[in-house]
Protein chains: 2
Amino acid sequence: MQRFINNPDEVVEDTVKGFVKAHPDLVRLSERNRRVIVSAFAPKTGKVGVVTGGGSGHEPAFIGYTGQNMLDAVAVGELFSSPTAKSFHDAMVEANGGAGVICLYGNYAGDNMNVKMATKLAAKDGIEVATVVANDDVCSAPLTEREKRRGVAGEIMMWKIGGAKAAEGASLEEVRVTAQRAIDNCRSIGVGLGPCTLPAVGHPNFQIEAGTMEVGIGHHGEPGIRVEPLKTAAEVARDMATIVLDDHALAEGTEVAVLVSGLGATPLNELYILNDTIEEEIARRGLKIHRTYVGNYFTSLEMVGATLTVMALDEELKSLLDKEARSPGLAQA
Amino acid sequence: MQRFINNPDEVVEDTVKGFVKAHPDLVRLSERNRRVIVSAFAPKTGKVGVVTGGGSGHEPAFIGYTGQNMLDAVAVGELFSSPTAKSFHDAMVEANGGAGVICLYGNYAGDNMNVKMATKLAAKDGIEVATVVANDDVCSAPLTEREKRRGVAGEIMMWKIGGAKAAEGASLEEVRVTAQRAIDNCRSIGVGLGPCTLPAVGHPNFQIEAGTMEVGIGHHGEPGIRVEPLKTAAEVARDMATIVLDDHALAEGTEVAVLVSGLGATPLNELYILNDTIEEEIARRGLKIHRTYVGNYFTSLEMVGATLTVMALDEELKSLLDKEARSPGLAQA
């Protein structure tokens, strides 16, 4: 493994330490729990606290979206593992400004279970917690079973929108409804060209043969809908856009936000190459692009590949998406 | 090659197309030259134009730092190749607001030659051009021959400072002096764990054996000062900090900015692991960290590895570094 690590069992500990050292103006480590990152601006009295949590190895997700007008606290799991119920609970406590806490997280078994337990613990503290579960990964289940779909990079949009809505002083129920609409309006797909290795395991958890690609792959190497010979970037981009947009079925003229994220080891210039055709395909369908993000926004260690997220916008979502925010993973002036 | 490309000879063309589509609020493609990116805010009458240029494959450098209060125009070279003199010249013309143009670029033979030619062409147009050449890579030549050193990620600091100074209405000579001080105050080092492949070549230009690392490697695989067994992240980080800080010899109490950049295929969490020890080492020497950047700021396709840049600050540099700026590669509210 050609990697910068110390003890393979302490990758998350070391990551978190280096992260809070890098961004003291935006985040701090919780004094209650070394697996909780708290915004330097939280808690804010009277504001709905915005929380998430997830496995590590997806940086800048999840911790990198902590900051101003974004997430207030994040529960940190081990690599590719859910945070504990205790960590979710501590994140809720840290984010609590007395107006309730919204937990915006992704649909994975461990996260579902631990968020549920944490919500009960928070209730005992007198903290009202509402939840929104992201289901934006179109290849993880058919549209008729959308509740089974996993949450992927659309979560960033949900956090941005939820964070902005909470910052505007909305109630817990208003934040919940808006964040739910944000993620309902998102569709994502991943394409994998190469696997990743958990340092403590030492070999890839799954294989992608040279010359092939896995369409619909999940963030932890969950199988996609097909393995096929690697195509040109334009063909891959068209396939990604087609799968996402066919599932979405948006009316002509709809405004959208586009997020093209690398999975870790794909050069940024290749993400731009994909974006060229993705935007062409979106425009061809008569959709209007309001804003595009291209970069390593939601990764999977050193996996080779990319994800596409398309989010349908309305006037409110657009204004919340554009609201000023500051976090290590996303800064918007 | 597990890569998202179309025609290997058109990687730069496709990258640039996808880039300008992604960021129409910040950049546009020059109508004079398809290898010149122009800020959406340029030219500005009476403001010094800020220009750079360099080979592609280092994204977000160089094009990604075009925007507001950053670069006004960027000449785009083929992968790992200097832009042509014509492209540098066209970038100067695009950035020209009548108050002169500063070209802030890295010390490579092709860039030196082509900037010189472009400067002469610009003079014929009546555009006064001043230049600052970055020499921040400490392992590329001894301190006594600093003028032979290459420019690497310190250039981002030079662009940020130069762009901010020009935005404040400074004269060409004032911008030149300040940008020169910015890069004089930078020291950088790279460590390579894995090579990269130019798509048109199809195999790596250089090798890094598994289990080893190359200390002092350049952005195109230029040999470093030693190849040695891969150490722990903490040991690597201490070595990087030691080499940079020993060369720098800063007085105790000096404030610094720290930039830890991935080379393309190193996961973000590992950059934070490096940062943990880097900041420890900087603090141990009695230096004060004003600001830290951790991310893929200056890459080399899918090279595995990282660079460290430390920049000594004074009050003016600090205020210019902190000035609001917007570009695809760096947004600061």
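Of the 191 residues that make up the largest nonpolar core, the ones touching the most other members are A:Trp159, A:Leu308, B:Trp159 and B:Leu308. A nonpolar core here is a set of buried Ala, Val, Leu, Ile, Met, Phe, Trp, Tyr and Cys residues joined through side-chain atoms within 4.5 Å; buried means under 20% relative accessible area, exposed over 50%, and partly exposed in between (1.4 Å probe, protein chains only). The model is predicted, so local features need pLDDT of at least 70 and side-chain atom pairs count only at pLDDT 80 or more, while totals for chains, interfaces and linings use all residues. Residues are numbered from 1 along each chain as its sequence is written, chains are lettered from A and ligands numbered from 1 in the order in which they are written, and side-chain values use heavy atoms, with hydrogens and water left out.

Leaving aside residues up to four places away in sequence, B:Leu308 touches B:Arg187, B:Ser188, B:Ile189, B:Met240, B:Ala241, B:Val244, B:Val258, B:Leu259, B:Val260 and B:Ile278. Contact means heavy atoms within 4.5 Å.

Next comes the interface. The size of an interface is often given as the accessible area lost when the parts come together. Chain B and chain A bury about 4600 Å² between them, with 57% of it on carbon and sulfur atoms; buried area is the accessible area (1.4 Å probe) that two parts lose on being put together, summed over both. In chain B, the residues losing the most area to chain A are B:Gln2, B:Phe4 and B:Tyr272, together 21% of what that side buries. Each chain contributes to the contact, 58 residues from chain B and 58 residues from chain A.

Between the two chains there are 24 residue pairs in polar contact, both at pLDDT 80 or more. A polar contact is a pair of N or O atoms within 3.5 Å; within protein, one must be able to donate a hydrogen and the other to accept it, and residues adjacent in sequence count only if both atoms are side-chain atoms. On the side of chain B that touches chain A, the largest share, ten residues, comes from H7(B). Helices (H or I, at least four residues) and strands (E, at least two) are DSSP runs, numbered from the N terminus.

Charged pairs also span the interface, where the rule finds eight salt bridges. A salt bridge is a side-chain nitrogen of Lys or Arg within 4 Å of a carboxyl oxygen of Asp or Glu. B:Lys21 forms one with A:Asp276, the closest N and O atoms being 2.6 Å apart. B:Lys21 also pairs with A:Glu280, at 3.9 Å between the closest N and O atoms. This second pair crosses from helix H7 (residues 268-284) of chain A to helix H1 of chain B. A:Glu280 is partly exposed, at 41% relative accessible area, and B:Lys21 is partly exposed too, at 29%.

Over all chains, the count comes to 66 salt bridges. Within chain B, B:Lys165 and B:Glu316 meet through their side chains in a salt bridge (2.5 Å, N to O). B:Lys165 lies in helix H4 (residues 154-167) and B:Glu316 in helix H8 (residues 315-322), so the pair ties together parts that are 151 residues apart in sequence. At 13% relative accessibility B:Lys165 counts as buried, whereas B:Glu316, at 26%, counts as partly exposed.
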